[in-house]
Every structure is written in C-alpha cells, then in structure tokens.
Amino acid sequence: MSIVTVQLGQCGNQVGFEVFDALYSDSYCSQGLCSKKENEAYQASCKERFFSEEENGVLVARSVLVDMEPKVINQTLSKAAQSGRWKYGQHACFCQKQGSGNNWAYGYSCHGPKHEESIMNLIRKEVEKCDSLHGFSIIMSMAGGTGSGLGAFITQNLQDQYPNALKMNQVIWPYGTGEVIVQNYNSILTLSHLYRCSDALLVHENDAIHKICAKMMNIRQISFNNINQVLAHQLGSMFQPTYSAEDSFHYRRNPLGDLMEHLVPHPEFKMLGVRNIPQMAENSLPYSTFTWAGLLKHLRQMLISNAKMEEGIDWQVRPPLARLPALGKMPFNKELHFDTSIANLVILRGKDVHCADLGKRMLQWKLRSYVYQYTKFGIEEEDFLDSFSLLEQVIASYCNL
C-alpha cells in the first residue's frame, strides 16, 4: 500500500527531500546484512510505499511539492535529479512567485482558495498512480505562512476528498527563541485546525533536534541541513518496512494504520513524538557495540523520563503502577495497547510545559500584537478565541488521563 507525501513550504520541501534520500539510501544500501532474497523483499516493500518506477527503471518519489516561491522547489528538484538515484515527478510541483510573508492567514485564506484546484489536481494525479492508496504524509512547518496556513488548508481538503485515507502531519515545531515574530499565532492556528482534520500530528521540535546535533552528533556549526538529516533519519526509521507480529516473514502492508492503532487510542489524543537510538555520527558507528536489550532499555527509559536524547536520561523516574491491575487479575491474553506510564507522564511533566507555552501566546493575544496582520486577510478575533479554546481543551484532556 502506498503513501503519498505532500511537501509544503521551504521547510517541508527541504525535509521531504532528505526523507526520500534517507529512504532510498537505506533500502538500496550495498552493505546489507541480510540475504539477497531478504534485501530484495525489503526494497520492494519500500518502493511500493514511497516510489513509483519509470520504464527505464528510475525511481520517482510519490510526492507533491508545494511552495509559493520557486527557489526552494527548484533547488529540491535539482538535488534529487543530480543524485542519479531517484527523482521527483516532472509535473509534481506547484509554485508561484509571491510568498506568504510568514502569515498564516495569507496562506490559509488567500493562497489556499486561489490555488486549491491546481494543487488538489496534482495530488489526485499522484494518487491515481498508486495501486492501493493507504494515506498521506504531510510535511510542514508551524512558523511560516505557506507551510502552516496553506498546509492546514490542504489537509482539510484531503480530509474532504479522501475521508478513508489516513492523514499524518509531520509538524516542525519552531525554535523556542523564535524564528518569526508571529510564530506563536501561526502555531496556535495551525495546531487547532489540524486537530480537527488530521488523524495524527507527529511533532518534531527544532530545539530538541538541535541538541542532538550538538551533543550526540558532535557537529560544531549546525545548519538546517544537519537538522533536516537527523529528522529524516527519524522518519525513515519509523516508515521503513517492519515484519508483522503475526507473520515474521512478511512485511506490514499498513504502516500508517499500525501506527494509528497503537498510538492514537482516541481522536482526542493524536499528538505524537519520536524517540530513537543510537544517536551518533555515522562514522562513529563502527567503533560502537550495541545489544538489542540495552537499546530497548535506554529507549524505554527515554520515554518514561521524557528525555529527547540518550544523554541526561533520568533513571530515577519510574512508571506509575497504581492504575495497573495486579498480575494475577490480568485478563487472559489481554494486551495493554496504551502505555499508562506515558499517559501519566503527561500529567507529571507535560502540564506545566504546555500551559506555560500556551500562556505566552495568550499574553501576546491579549496585547493584540500584530493581530491586524491576520484580520486584514479575513481571520476574525473569534477564530483566535476558538483556537485557544480548542487547545486548552486538548491540554485538559491529556492532563485528565
């Protein structure tokens, strides 16, 4: 089953390229440790999900590129073609000559309705190339105008036109110190709209990835390219083929469905995060030794202690056991699909962080800073209030788990 990727804005297109490049590099690695037959099965499964194949054997990414400025899209198309390994479709991109000015309202209310038909036609053509469409992966930033505003608009349209296809938004959370002065407004409006129409929001924090690059990868001068590559590695690890629990000789054909089933237990709880290990420079891997048991132990503790990277894991944090039934009273063959330790973690550690973050946005709103930049494009004050109200409800739902 195939997944169509929609890359939106400068961030979405740059990250999208790195994701496809990571997927290809992993699938067609010449240093595979499996047999030829197993490697071929792995490649075929990856290709079915993310690539189509031309008659000459060149792989074409199942992706649509959208931006309101041509520069980044042209660079992305050129980099893919020059790699000589895979490329984007010749007519799979849409761009204009006027950006969104880092304004969510401009992207959502102006660019969205104006270019809706053209963009949705490109997506429809990409969908028609799939033998079996499973869902959409939408890559977008929260801070800008095209990725956030137009991204929210396109996601709503995908929900209307493809209600049975799963939609996972890859949301790039901006630096806490600020990249754009109105990023608070853009983030609030984006999150509230996506919460209504997306099946899952996978949040990637720039601050956390920056720390991984600095402390774990030992990169001195960190660029967006470094951050995008780490992010792409995380996504590739999550989307690449895995064996199913029922059949250890066949790969899962429903990757998004499997993720939703186990990680989105209720439509109210659709905010997801990624933890991955080992986190180190590739040239350090040959000098390191790992065991599955050790990796799993560290990964589990990262989840329990809410650590974003291996360094600084708090081993004193333990999962709360009060809500779990005694082992003797567990129903026979009944699995716990929801990790209660993580649910309680949101109460213990997530409440103050998220409320404080929302509080900053509320303060900026009460001062009415830059609100006129949104109202002139049709976003009313009631839209802001609705967005704040919805996100406060989401926070309350998580805290009451």
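**Exercise 1.** Does Asn 218 count as buried or exposed, and at what relative accessibility?

*Solution.* The model is predicted: local features need pLDDT of at least 70, side-chain atom pairs count only at pLDDT 80 or more, and totals for chains, interfaces and linings use all residues. Residues are numbered from 1 along each chain as its sequence is written, and side-chain values use heavy atoms, with hydrogens and water left out.

Step 1. Take the classes: buried is under 20% relative accessible area, exposed is over 50%, and partly exposed is in between, with a 1.4 Å probe and protein chains only.
Step 2. Asn 218 counts as exposed because its relative accessibility is 59%.
Step 3. Helices (H or I, at least four residues) and strands (E, at least two) are DSSP runs, numbered from the N terminus.

**Exercise 2.** Describe the backbone at Asn 218, Asn 306 and Pro 278.

*Solution.* Step 1. Recall the background: most residues other than glycine have a negative phi, and most peptide bonds are trans.
Step 1. Asn 218 has a positive phi, near 60°.
Step 2. Phi of Asn 306 is also positive and near 60°. Asn 306 sits in the loop between α10 and α11 (340–366) and counts as partly exposed, because its relative accessibility is 33%.
Step 3. The peptide bond that joins Ile 277 and Pro 278 is cis, with omega about 0°. Pro 278 belongs to the loop between β10 (271–272) and α10 (292–304).

**Exercise 3.** Characterise the largest cavity by volume and lining.

*Solution.* Step 1. Set the rule: on a 1 Å grid over the protein atoms alone, a cavity is a set of points where a 1.4 Å probe fits but cannot get out, a pocket is an open set with protein on both sides within 12 Å along at least five of seven lines, and lining residues have an atom within 4 Å of a point. Grid points are joined across faces, edges and corners, and a volume is the space filled by probe spheres set on the points.
Step 1. One cavity of 30 Å³ or more is found; the largest cavity holds about 60 Å³.
Step 2. Its lining includes Thr 5, Val 19, Phe 20 and Leu 23. α1 (9–27), β7 (133–141) and α8 (224–239) each give at least two residues, and α1 has the largest share, three residues.
Step 3. Sort the lining by type: Ala, Val, Leu, Ile, Met, Phe, Trp, Tyr, Cys and Pro count as nonpolar, Asp, Glu, Lys and Arg as charged, and the others, Gly among them, as polar. The cavity lining has seven nonpolar, two polar and no charged residues.

**Exercise 4.** How far apart are the C-alpha atoms of Ala 44 and Pro 241?

*Solution.* Step 1. Ala 44 is part of helix α2 (residues 36–50).
Step 1. Ala 44 and Pro 241 are 197 residues apart along the chain, and their C-alpha atoms are separated by 9.6 Å.
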